[in-house]
Amino acid sequence: MAQRTRRPLIGVTAGTRTMMSGAWAGHDAVAVNEQYVRALRAAGARPVIIAPQDEWSDEEIAELDGLVLTGGTDLDPAAWGEDALATDMTPDPERDAFETALYRAARRTGVPVLGICRGLQVIVVAEGGTLHRHLPEDLPSHPATGQRPTPVEVEVDAASDLGLALGTRAEVTAYHHQGIRTVHGDLRIVARHASGLPLAVEAKTGSNVLGVQWHPEIDGACGDAVFESLLTAIGHRAVSAPARCLV
């Protein structure tokens, strides 16, 4: 029998949700949209679901080949020094803190990261940036994307990994209530909407980081290219990693 090639292990973050029916109604369940899992499997990876828990060590995160920070509720504005607004969704500070720590550990250990929607926002805030809290009111020229998945046009920097994957213009599916206001730290903006809202960031240095303010897991071939870019980054890392000494 031919030996199966090891597929890249990709950590996929999940939240918790209270079950509404059945024998376990009222109990919390780990929840993540299955489309993330399907997209990663189609790209040739092995997804590993990670729910909020005690903080992972650098040694533990380094056992993964990549990390996907998924979508979900609004971030707690206390993370960038602001008070709650009536328009905020109910935050999940435990998940915020856990995923922020995962991201920082991935950066320290060189594990490539893909942030999707809320995941992009986790990356931006972890690097010292801030968010628009209530779109499109905060940016009237931006379309209303907080009620349902909405097709939007994105303009991509040709001199970026995302540009290599998508080209300089693409139609993507956005579903977000918040968005990037300022970017700091080791990030650069690599895609925008015509309204001026940043829609993607990449790391300037170090390990590969890509964050997108849309949902590639439901975007067909265009979305597949985003997940394939993560697998490409993982492959490059494997090639460039120093060989282990056997003696």
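Student: What makes the span of helix α6 agree with its number of residues?

Tutor: Helix α6 covers residues 220-240, which is 21 residues, and at 1.5 Å a residue these should span 30 Å. The expected span is 1.5 Å times one less than the number of residues. The end C-alpha atoms of α6 are 31 Å apart, so the two values agree. This is a predicted model, in which local features need pLDDT of at least 70 and side-chain atom pairs count only at pLDDT 80 or more, while totals for chains, interfaces and linings use all residues. Residues are numbered from 1 along each chain as its sequence is written, and side-chain values use heavy atoms, with hydrogens and water left out.

Student: Why is α3 called a helix, and what does it reach from its first C-alpha to its last?

Tutor: Helices are DSSP runs of H or I with at least four residues, strands are runs of E with at least two, and both are numbered from the N terminus. After α3 comes G110, with a positive phi near 80 degrees.

Student: Why is V125 called buried?

Tutor: Buried means under 20% relative accessible area, exposed means over 50%, and partly exposed is in between (1.4 Å probe, protein chains only). V125, in helix α4 (residues 118-126), has a relative accessible area of 13%, and therefore counts as buried. V125 and D74 are 51 residues apart in sequence, with 12 Å between their C-alpha atoms.

Student: Which residues of α6 are buried?

Tutor: Among them are C222, G223, F227, L230 and I234. In α3 the buried residues include charged ones: R95, D96, E99 and R107.

Student: What makes the contact of E99 and R95 a salt bridge?

Tutor: A salt bridge is a side-chain nitrogen of Lys or Arg within 4 Å of a carboxyl oxygen of Asp or Glu. The N to O distance for E99 and R95 is 2.6 Å, so the pair qualifies. The two are four residues apart in helix α3, which means a separation of about one helical turn. An α-helix has 3.6 residues a turn, so residues three or four places apart point the same way. Both E99 and R95 are buried.

Student: How do you know that R118 and D96 tie together parts of the chain?

Tutor: The closest N and O atoms of R118 and D96 are 2.9 Å apart, and the pair is a salt bridge. R118 lies in helix α4 and D96 in helix α3, so the bridge joins parts that are 22 residues apart in sequence. R118 is at 1% relative accessibility and D96 at 9%, so both fall under the 20% limit and are buried.

Student: Why do R188 and E202 still count as a salt bridge?

Tutor: Their closest N and O atoms are 3.7 Å apart, which is within the limit, so the pair counts. R188 is in strand β11 (residues 187-192) and E202 in strand β12 (residues 198-203), 14 residues apart. R188, at 26%, is partly exposed, whereas E202, at 5%, is buried.

Student: How many salt bridges are there by this rule?

Tutor: The count comes to 14. E82, D88, R133 and R181 are linked in a network of salt bridges.

Student: Why is E63 called exposed?

Tutor: The relative accessible area of E63 is 59%, which is over 50%, so E63 is exposed. E63 is found in the loop between α2 (58-61) and β5 (66-69).

Student: What makes the surface patch with E63 negative?

Tutor: The patch is formed by D54, E55, E59, E60 and E63, and Asp and Glu count as negative. Patch residues have over 30% relative accessible area and no salt bridge, with like charges joined within 9 Å and nonpolar side chains (Val, Leu, Ile, Met, Phe, Trp, Tyr) within 5 Å.

Student: Is C117 buried or exposed?

Tutor: At 6% relative accessibility, C117 is under the 20% limit and therefore buried. C117 lies in the loop between β6 (113-116) and α4. Its phi is positive, about 55 degrees, although C117 is not a glycine.

Student: Which peptide bond is cis?

Tutor: The bond from L135 to P136 is cis, with omega near 5 degrees. P136 is placed in the loop between β7 (130-132) and β8 (150-156).

Note on methods:
Areas by Shrake-Rupley, 256 points an atom, 1.4 Å probe, with all protein chains shown as cover. Charge placed at Lys NZ, Arg CZ, Asp CG, Glu CD.
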